[in-house]
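Here is my note on this model, point by point. Please have the structure open as you read.

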Amino acid sequence: MGDLVITGAGVVTSIGQGRVEFFEALCRGASGLGPLAYFEPRLFKQRSAYEIAGQVEPMRSSRLLGRAVRQALQDAGVEAGAEGMVVVVGTGLRELRSVELWHAGGAALRPERLHFADAMREDLGFAGLTLTLSNACAASSFALGVAEDLLELGEAERVLVAGCDTLTESMFGMLDRVNPVGLSALRPFGAAPKGVLMGDGAAAVVLERRDAARARGRSPLGVVKGVGMNCDAYNATAPRQDGIEASMREAQRRARIAPPDVDLLVAHGTGTEQNDRTEALAIREVFGRRRVPVPVTGLKSMVGHTSGASGLVGVVAALEAMRRSLIPATAYVSALIDEARDLDLVTGEARAAEVRVAQVNAFGFGGLNAVVILERPPDGPGA
Amino acid sequence: MGGPSALSPPRRVAVTGCGVVSPIGIGREEFARAFLEGKAGLRPVAGDYSPPLPCARAGQVVDFDATRWLGKKGTRFLDRSTTLAVTAAGLALKDGGLAVEEANSPRVGVVLGTAMGSLKSISDFGRETLLYERPFLVNPMLFPNTVLNSAAGQVAIWLKLRGVNTTVSNGQLSGLTAVSYAGRAIALEYADAILAGGVEELSAQLVWGAHHAGNREFLESAREEDVYPGEGASILLLEELQAARDRARPVIAELLGCESGFYGRTRGGGVTAQAQGLAAWLNRLMRARDVAPEEVGALSASCGPEAADSVESLAMDIVFGDRRPARLDVKSLIGECYSAAGAFQCTALLAYLGRPGCAQRYGLVTSAGKDGAVACALFKRGD
């Protein structure tokens with residue numbers, strides 16, 4: 001059947017939108033961190049977040065999603081209503097913020113709008129099936145795995161894969177209880193203070209078979225080699241090292257590659273003590289215990305933890321990194337946690353490096369792990 | 001990088017074992033013999049149901065003593081549907097001669113169809129919260145039985161299966177959907193072997209629930225013998241075909257494919273639309289595998305509720321005209337086993353194709369739900 005390729009991508013984050021603008025912002029070291037705008041800051045000890053500017057209004061997730069989806073469709077040169085098009089949206093909290101606004105102030109709420117099928121159909125003109133997956137912070141990477149299956153089984157001609165999440169007061173408040181005082185930024189693998197700050201974000205890609213893309217005369221942005229998905233079956237919130245290792249190995253097994261083939265690892269890197277320690281140890285275990293040769297970067301330092309969107313936000317960044325042979329640096333990190341001392345964490349300036357194969361990690365609450373392996377199209381960068 | 005493409009053709013799936021606990025026998029051979037002889041499993045209701053069942057007869061598994069199959073240890077708090085499932089799963093594994101050890105355990109899974117879990121456990125537990133002193137002095141040991149994936153979880157625990165673990169709730173189609181899901185999981189390399197099927201326990205809650213839900217034909221149809229309630233578990237051991245051959249196990253059948261669709265009232269459907277939909281899926285299934293309608297020896301139908309009966313009859317007319325294959329009605333022997341029905345139909349078909357001197361190689365299984373859902377599967381007899 002041939003490879004599955006990404007022919008278009010879109011992204012909306014606190015540092016910019018559109019894959020090109022977004023990636024340039026990443027490589028500049030831009031940060032979307034700013035004073036908390038959507039909630040009353042006095043209620044929280046943490047008063048900054050990675051928000052996308054806009055009005056306090058319902059249906060923001062759907063709107064951000066719509067922006068990313070339109071970009072991806074345009075980038076890929078396909079119509080929403082095209083024959084055989086299926087949509088898979090991964091999200092942690094769907095339109096929970098809309099429910100909060102309804103509860104707090106009586107903003108109108110249409111329950112059927114809480115997942116995204118209606119938005120896709122009515123606002124964007126998709127005619128076929130839309131699936132909304134809610135797989136916590138690994139959701140959009142799971143969505144990519146589902147898309148891969150749909151294409152492999154011949155259930156879809158083309159899949160629009162997306163992820164989106166916006167800050168919710170309840171999630172922000174919950175994290176505020178566990179984050180330490182004085183957390184000024186999200187520092188993937190960085191030394192204390194450790195904690196996570198949430199970000200608004202949406203991303204979308206168009207996935208299709210290579211021969212279908214070729215028939216339309218489109219050159220792919222990247223090849224999806226495999227998605228490894230599993231569940232730790234261990235703890236409701238804490239990650240588990242062997243589960244994370246297994247998901248990375250499964251992704252590499254499905255992609256028919258070995259650890260030395262990976263040229264870039266976009267880490268999940270949420271900045272929490274639990275994640276960073278566990279992920280660093282798992283990377284060491286999978287890639288080699290002494291000195292880990294693969295460059296690692298943590299994008300959440302710049303765009304925050306975009307929850308269900310984060311996996312696909314990482315995928316879009318990795319596509320651009322492969323095309324431009326450039327790896328964005330992790331911001332806000334100077335000293336590393338002990339467990340990450342052996343990692344080649346890219347910090348300071350963006351690093352020029354050839355990236356043929358990239359791995360994108362995403363790990364969610366509930367022990368849900370999804371790891372994506374991407375490959376640069378053989379026709380070379382920028383083709 | 002070399003190596004095979006990440007998208008090699010989906011792997012082929014074999015049935016190498018069957019485990020059955022049914023009103024007409026326990027174990028594959030006993031069930032097959034009873035089915036082919038047309039042994040009646042519908043008998044006057046025995047035992048105490050509170051309140052008494054609103055039907056004179058039922059397909060009960062009368063001679064089932066869980067401790068005989070599973071031992072006394074660890075079975076005290078398991079409900080009937082869980083013990084039925086664990087027993088059938090163990091029999092399937094034994095029938096297929098598959099040893100689950102540390103090395104292969106992460107690649108062996110379980111996919112179980114159950115529409116509502118154990119309705120009796122759920123309602124008994126809920127009742128306790130009302131009967132006993134507050135704050136809710138209920139027996140915590142009974143809580144795990146109330147969740148839908150109790151049976152799948154216990155199967156994994158008892159048989160040490162650490163791979164894919166999925167509970168499928170799809171009404172009367174649950175059993176067949178589970179087989180379909182498992183087949184795809186193996187084809188797409190998410191597991192190498194899966195115990196897949198369905199389970200249903202007879203309880204006053206379930207039968208009265210169906211009665212009050214207006215399923216009068218469940219009890220009062222003109223074809224009474226078809227629609228008495230039944231219970232049991234039917235589980236297939238599915239394996240990657242080459243792996244089964246490599247370990248020199250007899251292949252009972254090959255699962256060539258599954259399809260499903262929905263033609264309910266919300267989509268403007270009706271019996272005719274549902275039948276046309278089912279016929280289209282049957283045709284697609286056979287065409288994809290180059291199987292001509294006249295090569296199909298038998299169709300194992302869901303019968304049951306009258307509407308479904310006519311859906312399948314109409315679909316057979318469309319697909320086969322007057323050259324109909326044999327129609328297998330296992331339900332007339334064991335009753336409406338609801339969640340397990342589709343899995344029992346599979347086992348019945350395999351018994352039919354496997355009978356001595358059977359010249360036919362292909363068989364179909366169909367399910368048609370009252371809600372408008374349809375599903376079908378195509379099997380080829382083993383060599």
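1. Helix 11 of chain A. Of the 15 residues, 14 are buried, so the rest of the structure largely encloses helix 11 of chain A. Buried means 20 or more other C-beta atoms within 10 Å of the residue's own; exposed means 12 or fewer, and partly exposed is in between, with C-beta atoms placed from the backbone. Helices (H or I, at least four residues) and strands (E, at least two) are DSSP runs, numbered from the N terminus.

2. Basis of the model. This is a predicted model: local features need pLDDT of at least 70, side-chain atom pairs count only at pLDDT 80 or more, and totals for chains, interfaces and linings use all residues. Residues are numbered from 1 along each chain as its sequence is written, while chains are lettered from A and ligands numbered from 1 in the order in which they are written.

3. Domains of chain A. The assignment gives domain 1 (4-215) and domain 2 (223-375). Such bounds come from an automatic or database domain assignment. The domain centres, taken over C-alpha atoms, are 19 Å apart. Domain 1 of chain A puts 58 residues into the contact and domain 2 of chain A puts in 57. Contact here means C-beta atoms, placed from the backbone, within 7 Å. On the domain 1 side, helix 5 of chain A gives the largest share, 7 residues. That side divides into 35 nonpolar, 17 polar and 6 charged residues. Ala, Val, Leu, Ile, Met, Phe, Trp, Tyr, Cys and Pro count as nonpolar, Asp, Glu, Lys and Arg as charged, and the others, Gly among them, as polar.

4. Helix 6 of chain B. This helix (residues 174-187) packs against helix 13 (residues 341-353) of chain B at about 70°, with axes 4 Å apart. The two are therefore roughly perpendicular. Angles under 35 degrees count as roughly parallel, over 145 as roughly antiparallel, 65 to 115 as roughly perpendicular and the rest as oblique. Axes are lines fitted to C-alpha atoms, for helices over the stretch in contact, and angles run from 0 to 180 degrees between N-to-C directions. The contact residues divide into 6 nonpolar, 2 polar and no charged. Helix 6 of chain B has 13 of its 14 residues buried, so it is largely enclosed by the rest of the structure.

5. Helices 4 and 7 of chain B. Helix 4 (residues 119-131) meets helix 7 (residues 204-212) at about 100°, with axes 7 Å apart. Their contact holds 2 nonpolar, 3 polar and 1 charged residue.

6. Backbone points to check. Most residues other than glycine have a negative phi, and most peptide bonds are trans. Which bond joins Ala192(A) and Pro193(A)? A cis peptide bond, with omega about 0°. Another cis bond joins Ser50(B) and Pro51(B), with omega about -5°. Asp290(B) has a positive phi near 55° and is exposed, with 8 other C-beta atoms within 10 Å. Tyr338(B) has a positive phi near 40° but is buried, with 27 C-beta neighbours inside 10 Å.

Terms used: Contact = placed C-beta atoms within 7 Å.
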